[in-house]
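Q: I would like to learn how to read a protein model. Can we go through one together, feature by feature?

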Amino acid sequence: MNAPATFKLLGLPGSIRKKSVSRAVLRTLRDALPAGVSMTIHELADVPLYNEDLEGDKPAAARALHDAVVACDGVVVMSPEYNHGMSGVLKNAIDWVSRPGYNSVLKDKPVMILTTSESPLGGARAQADLHKMFLSTLSRVAPGREVTIGGTGKAVVDGRLVDEALLKRILALLDSLLNEICLVQGRERRHAGGG
Ligand SMILES: Cc1cc2nc3c(=O)[nH]c(=O)nc-3n(C[C@H](O)[C@H](O)[C@H](O)COP(=O)(O)O)c2cc1C
C-alpha cells in the first residue's frame with residue numbers, strides 16, 4: 001500500500017502585532033487542515049530590513065526564513081492591507097528570499113494568498129500587490145476564488161476565525177494549492193474541487 005501523501009506548508013503572517021487577525025486566521029487554518037497536510041507558522045518579527053550587502057552572509061533570521069521556504073512544499077501568505085498595499089513586514093521577508101532574481105527558492109514554489117483589511121474590500125489591493133510580486137519571483141500562485149477578509153474584527157473572536165463560510169472558502173483555495181504542489185512535484189492527486 002502506498003504511504004499517504006504529505007504536504008508541508010509554511011504560513012507567513014504579514015503582521016507581527018500580538019492580536020493580529022492574519023496570524024489568527026493562519027492558526028485557525030492550521031488546525032483545520034486535512035489529513036496529511038501540516039503547516040508551520042513562521043513569525044517575521046526578527047527579520048531585519050533587507051540589505052543587499054548582506055546577501056553573502058545573511059542575518060540568522062533571514063537565513064532561517066530561507067531554509068523554511070526551501071523545506072516546505074508550499075507557502076501560505078496572509079497579509080493585512082496597509083495603505084492600499086501589502087504589509088511591509090511581508091514584502092521585506094519576501095525580498096530576503098527572492099535572490100538570485102528569477103532563480104530564487106521561490107521559483108516554482110506554490111503559493112496561496114490571503115489578505116485582510118478593515119474595509120469591506122478585505123485587502124483586495126494588497127492581494128493585487130502580492131500577485132504582482134509573486135509573478136516577479138516566478139512562484140506558482142494557486143488559482144481559485146480569491147479570499148479577502150474584510151471588516152477583520154468581526155471574523156475573528158478570541159484569536160480564532162469564527163466565520164465557517166470563510167473557512168470553507170479558505171479550505172477550497174487550499175485544495176487548489178495542494179493540486180499546484182502536485183503539479184510542480186509530479187505527484188498524482190485527485191482534484192477534490194473548490195477554488
Ligand atoms: C499602517 C496601517 C495601514 C492600514 N491601511 C489600511 C488600508 O489601506 N485599508 C484598510 O482597509 N485597512 C487598513 N488598515 C487596517 C488593517 O488592514 C487591519 O487592521 C488589519 O486587520 C491588520 O492586520 P492584522 O490584524 O493582521 O494586524 C491599516 C492598518 C495599519 C496599521
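**Reading the model, step by step**

A: Start with a loop: Asp108 lies in the one between α3 and β4. Helices (H or I, at least four residues) and strands (E, at least two) are DSSP runs, numbered from the N terminus. Residues are numbered from 1 along each chain as its sequence is written. The model is predicted, so local features need pLDDT of at least 70 and side-chain atom pairs count only at pLDDT 80 or more, while totals for chains, interfaces and linings use all residues.

Q: Where is Asn83, and what is its phi?

A: Asn83 is found in the loop between β3 and α3. Its phi is positive too, about 50°, and Asn83 is not a glycine. Asn83 has 9 other C-beta atoms within 10 Å, so it is exposed.

Q: Which peptide bond is cis?

A: The bond from Arg99 to Pro100 is cis, with omega near -5°. Pro100 sits in the loop between α3 and β4.

Q: How do I check the length of helix α2?

A: Take 1.5 Å times one less than the number of residues. Helix α2 (residues 60-71) has 12 residues, so it should span 16 Å; its end C-alpha atoms are 16 Å apart, which agrees.

Q: Which residues of α2 are buried?

A: They are Ala62, Leu65 and Val69. These cover an arc of only 60° around the axis, so they lie on the same side of α2. The arc is that of the directions from the helix axis to the C-beta atoms. The face turned away from the buried side carries the exposed residues Ala60, Asp67, Val70 and Ala71.

Q: What do the buried residues of α2 pack against?

A: Contact is the test: two C-beta atoms, placed from the backbone, lie within 7 Å. The buried residues of α2 pack against β1 (7-13), β3 (74-80) and α3 (88-96).

Q: What is a nonpolar core?

A: In soluble globular proteins, nonpolar side chains tend to be buried together. A nonpolar core is a set of buried Ala, Val, Leu, Ile, Met, Phe, Trp, Tyr and Cys residues joined through C-beta atoms within 7 Å. Here the largest has 49 residues, and Val25, Val76, Val77, Met112 and Leu114 touch the most other members. Helix α6 (residues 164-185) gives the most to this core, with six residues. Not counting residues up to four places away in sequence, Val76 touches Leu9, Gly11, Leu26, Met39, Met112 and Leu114.

Q: Which residues come nearest to the ligand?

A: A residue is near a molecule if its C-beta atom, placed from the backbone, lies within 6 Å of it. Of the 15 residues around the ligand, Ser15, Ser22, Pro80, Ser117 and Ser119 come nearest. The shell divides into three nonpolar, nine polar and three charged residues. Ala, Val, Leu, Ile, Met, Phe, Trp, Tyr, Cys and Pro count as nonpolar; Asp, Glu, Lys and Arg count as charged; the others, Gly among them, count as polar.

Q: Is Ser20 buried or exposed?

A: Ser20 has 22 C-beta neighbours inside 10 Å, so it counts as buried. Its place is in the loop between β1 and α1 (21-31).

Methods:
Buried ≥ 20, exposed ≤ 12 C-beta atoms within 10 Å, placed from the backbone.
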